[in-house]
Amino acid sequence: MRPSLIRSEDKLNRPHQSRSRVSFLTTVLINLAITCALFLCLEISYRVWSYFRHCDPLCHDVKYLTRLDAFNRPKIHFHSADPVVGYVPTTDGTFVINELGWNNVTVTIRQGLRINPKFDPSARNNPILAVGDSFVFGNQVSDDETWPALLEKRLNRHVANGGVSGYGSLAAVLRAEQLLKQQPYSLVILAILVNEDLMRDRWVTSFSGGSLYRPSVISDDGQLRHTTIAESRRIVLDNFLCTHPEIPEIFFWSYVAKHFFSRLSYDGHCVNILHPKAAMEDEVLKYVIERLAALPVKTTILIQYPRRCFEGDNIEEAHKIRDLAIHYGVQVIDTYGAIKDKSLRETYMHDSLLVHHSPIGNGVVADVIANAIEVQ
């Protein structure tokens with residue numbers, strides 16, 4: 001075939017190839033647009049369904065309809081890693097927290113403890129140490145509105161707030177052990193949040209996820225022990241999504257995607273990765289109370305409740321805590337009766353994402369503790 005004919009055929013084929021390429025790209029783009037539109041419709045439908053599913057009598061919580069970032073990732077910057085308990089408050093200073101649900105409250109940290117700078121008790125003897133989770137630390141309320149601060153005023157006696165947001169009961173007891181080495185206390189109060197804290201003691205990641213981890217209670221060759229932070233970190237590194245968060249971060253706006261990734265143990269900060277050898281919650285409770293009872297000071301367990309426990313959640317765990325604590329000779333203070341008799345709208349904050357005690361609720365807790373201590 002002559003070169004001139006070959007060139008002519010090439011010229012005829014090029015427009016056809018070009019049209020095929022354009023047609024293919026057009027098909028891909030159309031299908032991509034349809035897929036995105038369907039996913040957007042699914043997302044909107046899921047948000048509307050979630051809004052009505054979680055709707056309280058006033059339907060005031062509109063986060064499912066309006067909130068862009070579906071993943072809950074707190075950005076509280078006064079925590080640092082700790083090789084024993086996972087993380088502790090270490091940055092001294094006063095912080096104004098403007099995260100969702102915190103309402104710009106003031107948090108003052110001194111030497112790893114939250115303090116109330118507005119009150120200084122005159123009684124210097126027999127200080128009390130309170131340890132536990134965010135209900136002790138006082139999430140969503142200011143320094144003078146936490147129950148340790150209110151208890152301090154009622155007793156006119158120093159109450160050190162050693163609570164840390166996101167802690168399980170194990171971390172709280174380990175924290176008490178640390179703080180007792182720094183200063184003597186006459187009483188340690190361990191607050192346990194029913195249906196929350198013991199479950200956290202089976203996880204290896206903290207509420208902040210990522211670079212912060214937690215000790216977990218495991219059954220190792222039939223023996224109970226707790227992991228080191230280095231052991232917990234190794235478990236997290238085996239999770240692909242937690243070590244490559246940029247993948248789910250593409251879908252940061254989607255509640256549908258969040259639901260999918262949560263099934264793969266990623267919910268914005270990898271908070272609920274279970275240790276493969278995690279002990280059962282009854283075993284965790286026994287391990288924690290045994291360790292608490294071994295402290296060289298008098299100890300008390302304070303039983304606290306999330307709001308849902310007054311809205312139908314099972315509270316059998318509270319009975320187990322009480323029975324086992326009594327068995328080991330540990331005093332129990334139960335807040336259920338006092339909170340049950342009050343309006344939940346008064347004793348709990350209104351934000352449904354972070355439902356902690358309000359200042360009124362913390363006042364009720366402080367009264368219960370003060371009365372129990374005074375009758376000893």
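The model is predicted.

The protein has 376 residues, and 48% of them count as buried. Its secondary structure comes to 15 helices and 12 strands. Contacts between residues at least 6 apart in sequence were examined, and 72% of these join residues at least 24 apart. The accessible surface comes to about 18800 Å². Carbon and sulfur atoms account for 57% of that surface.

Cysteines were considered next. A disulfide is a covalent bond between the sulfur atoms of two cysteines. A search of the whole structure finds zero disulfides. Cys 36 has a relative accessibility of 45%, so this residue counts as partly exposed. Cys 41 reaches 49% and therefore also counts as partly exposed.

Aromatic rings were then searched. A pair of aromatic rings is described by the distance of the centres and the angle of the planes. The whole structure holds seven aromatic pairs. One of them joins Phe 39 and Trp 253, with ring centres 5.8 Å apart. The planes stand at 90°, so this pair is edge-to-face. The pair links distant parts of the chain, 214 residues apart. Phe 39 belongs to helix H1, which covers residues 3-53. Trp 253 sits in the loop between helix H9 (246-249) and helix H10 (255-262). Phe 39 is partly exposed because its relative accessible area is 26%. Trp 253 has 26% relative accessibility, so Trp 253 counts as partly exposed.

Phe 310 and Tyr 348 form another of the aromatic pairs. Their centres lie 6.3 Å apart, and the angle between the planes is 55°. The pair is tilted. Phe 310 lies in the loop between strand E11 (298-304) and helix H12 (316-327). Tyr 348 lies in the loop between helix H14 (344-347) and helix H15 (359-374). The pair therefore ties together parts that are 38 residues apart in sequence. Both Phe 310 and Tyr 348 are buried. They also belong to one aromatic cluster, along with Tyr 305 and Tyr 336.

A ring can also face a charge. The charged end of Arg 114 sits over the ring of Phe 137. The distance to the ring centre is 4.9 Å.

The loop that holds Phe 310 also holds Arg 307, between E11 and H12. The side chain of Arg 307 makes a polar contact with the side chain of Glu 311, at 2.9 Å. Residues up to four places away in sequence were then set aside. On that basis, Arg 307 touches Leu 344, Arg 345, Tyr 348, Met 349 and Val 355. Tyr 348 is thus a contact of Arg 307 and a partner of Phe 310.

Strand E11 contains Thr 299. This residue has 8% relative accessibility, so Thr 299 counts as buried. Neighbours within four places in sequence were again left aside. Thr 299 is then in contact with Leu 187, Val 188, Leu 292, Val 330 and Gln 331.

Asp 341 has its place in the loop between helix H13 (336-340) and H14. At 59% relative accessibility, Asp 341 counts as exposed because the cut-off for that class is over 50%. The side chain of Asp 341 makes a polar contact with the side chain of Lys 340, at 3.4 Å.

Definitions and conventions:
Residues numbered from 1 in each chain as written. Predicted model: local features only at pLDDT ≥ 70, side-chain atom pairs only at ≥ 80, totals over all residues. Heavy atoms only, no water. Disulfide = S-S within 2.5 Å. Buried < 20%, exposed > 50% of the residue type's maximum accessible area, 1.4 Å probe, protein only. Phe/Tyr/Trp six-rings, centres within 6.5 Å; stacked < 30°, edge-to-face > 60°. Helix = DSSP H or I, 4+ residues; strand = E, 2+ residues; numbered from the N terminus. Lys NZ or Arg CZ within 6 Å of the ring centre and 35° of its normal. Contact = heavy atoms within 4.5 Å. Areas by Shrake-Rupley, 256 points an atom, 1.4 Å probe, with all protein chains shown as cover. Polar contact = N/O pair within 3.5 Å; in protein donor to acceptor, adjacent residues only side chain to side chain.
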